[in-house]
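The following exercises are to be worked through with the sequence and the coordinates at hand. Each task is followed by a solution in steps.

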Amino acid sequence: MHVALGGTFDPVHDGHIALFERAFELGDVTVGLTSDELAPKTRHVDRYVRPYETRKADLEAELRPLAEEHDREFDIRVLEEPTGIATEPGFDILIVSPETQSGGNRVNQIREDRGLKPLDIEVVEHVPAEDGDRISSTRIVMGEIDRHGNLTPNREGRGRTPPGTEE
């Protein structure tokens with residue numbers, strides 16, 4: 001089986017790890033990582049997103065041990081549009097979170113329009129933070145929690161703009 005999933009992954013957190021774990025349980029994995037141009041368009045909150053190459057290096061470091069643990073292969077590809085790589089032939093399963101499930105349905109509609117077999121959609125539930133709300137990159141960047149969901153009330157967040165620029 002070949003599994004696809006996509007995102008910005010900035011920063012990678014325990015919720016992402018749950019997605020990756022499930023993906024590697026099911027097969028070899030291709031991760032679509034949002035391009036620098038696409039990343040800001042996919043954010044619900046305006047915030048600084050680190051450059052693609054930085055995010056890719058961090059993502060590779062997270063995926064490598066998981067792939068080895070499950071004896072799987074992985075690839076990271078640039079994602080230029082929200083439906084991205086999953087609309088291409090060669091995939092069997094799409095990993096999504098609850099809020100991206102509708103995007104998975106849209107992927108399958110595009111695949112059907114192109115004469116491709118629909119993907120099995122695997123929904124991985126959110127991982128809760130210490131306070132019961134879900135772990136999210138936005139919450140981490142804003143300084144509310146760490147990547148494991150622990151509350152961090154005394155930590156300053158990354159902010160909305162790149163380092164060295166005025167907000």
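## Exercise 1: Overall architecture

The protein, a predicted model, has a secondary structure of 4 helices and 5 strands.

**Task.** State the order of these elements along the sequence, and compare the radius of gyration with the value of the globule rule.

**Solution.** 
1. Read along the sequence, the elements follow the pattern β-α-β-α-β-β-α-β-α.
2. The radius of gyration is 16 Å, close to the 15 Å that the globule rule gives for 167 residues, so the protein is as compact as a globular protein of that length.
3. The C-alpha trace spans about 50 × 30 × 25 Å along its principal axes.
4. Of the 167 residues, 43% count as buried.
5. Among contacts with a separation of 6 or more, 65% come from residues 24 or more positions apart.

## Exercise 2: The nonpolar cores

**Task.** Identify the residues with the most contacts inside the largest nonpolar core, and the elements that give two or more residues to this core.

**Solution.** 
1. The largest nonpolar core has 21 residues, and those with the most contacts inside it are Leu-5, Phe-9, Phe-20, Val-31, Leu-59 and Ile-95.
2. Two or more residues of this core come from each of β1 (2-7), α1 (14-26), β2 (28-34), α2 (52-70) and β4 (93-96).
3. A second, separate core of 8 residues includes Ile-85, Phe-91, Val-107 and Leu-119.
4. Returning to the largest core, take Ile-95 as an example. Leaving out residues up to four places away in sequence, Ile-95 touches Val-3, Ala-4, Leu-5, Leu-19, Arg-22, Ala-23, Leu-26, Glu-122 and Val-124.

## Exercise 3: Aromatic pairs

**Task.** Determine how many aromatic pairs the whole structure contains, and classify each residue of the pairs as buried or partly exposed.

**Solution.** 
1. The search finds 2 aromatic pairs.
2. Phe-9 and Phe-20 form a tilted pair, 5.2 Å centre to centre with 55° between the planes.
3. This pair links distant parts of the chain, 11 residues apart: Phe-9 lies in the loop between β1 and α1, and Phe-20 in helix α1.
4. Phe-9 counts as buried because its relative accessibility is 4%; Phe-20 counts as buried because its value is 0%.
5. Phe-24 and Phe-74 form an edge-to-face pair, 6.4 Å centre to centre with 85° between the planes.
6. Here the partners are 50 residues apart, with Phe-24 in helix α1 and Phe-74 in strand β3 (residues 74-79).
7. Phe-24, at 0% relative accessibility, counts as buried, whereas Phe-74, at 25%, counts as partly exposed.

## Exercise 4: Helix α2

**Task.** Describe the span of α2, where α2 bends, and which of its residues are buried.

**Solution.** 
1. α2 has 19 residues and reaches 26 Å from its first C-alpha to its last, close to the 27 Å expected at 1.5 Å a residue.
2. A bend of about 25° occurs in α2 at Leu-63, and the proline Pro-65 follows within four residues.
3. The buried residues of α2 are Tyr-52, Arg-55, Leu-59, Glu-62, Leu-63, Leu-66 and Ala-67.
4. An α-helix has 3.6 residues a turn, so residues three or four places apart point the same way.
5. The cover over the buried residues of α2 includes α1, β2 and β3.
6. Asp-71 follows α2 and has a positive phi, near 55°.

Methods
Residues numbered from 1 in each chain as written. Predicted model: local features only at pLDDT ≥ 70, side-chain atom pairs only at ≥ 80, totals over all residues. Heavy atoms only, no water. Core = buried A, V, L, I, M, F, W, Y, C linked by side-chain atoms within 4.5 Å. Buried < 20%, exposed > 50% of the residue type's maximum accessible area, 1.4 Å probe, protein only. Contact = heavy atoms within 4.5 Å. Phe/Tyr/Trp six-rings, centres within 6.5 Å; stacked < 30°, edge-to-face > 60°. Expected span 1.5 Å × (residues − 1). Bend = angle between axes of the 7 residues up to and from the residue. Rg over C-alpha atoms; globule rule 2.2 N^0.38 Å.
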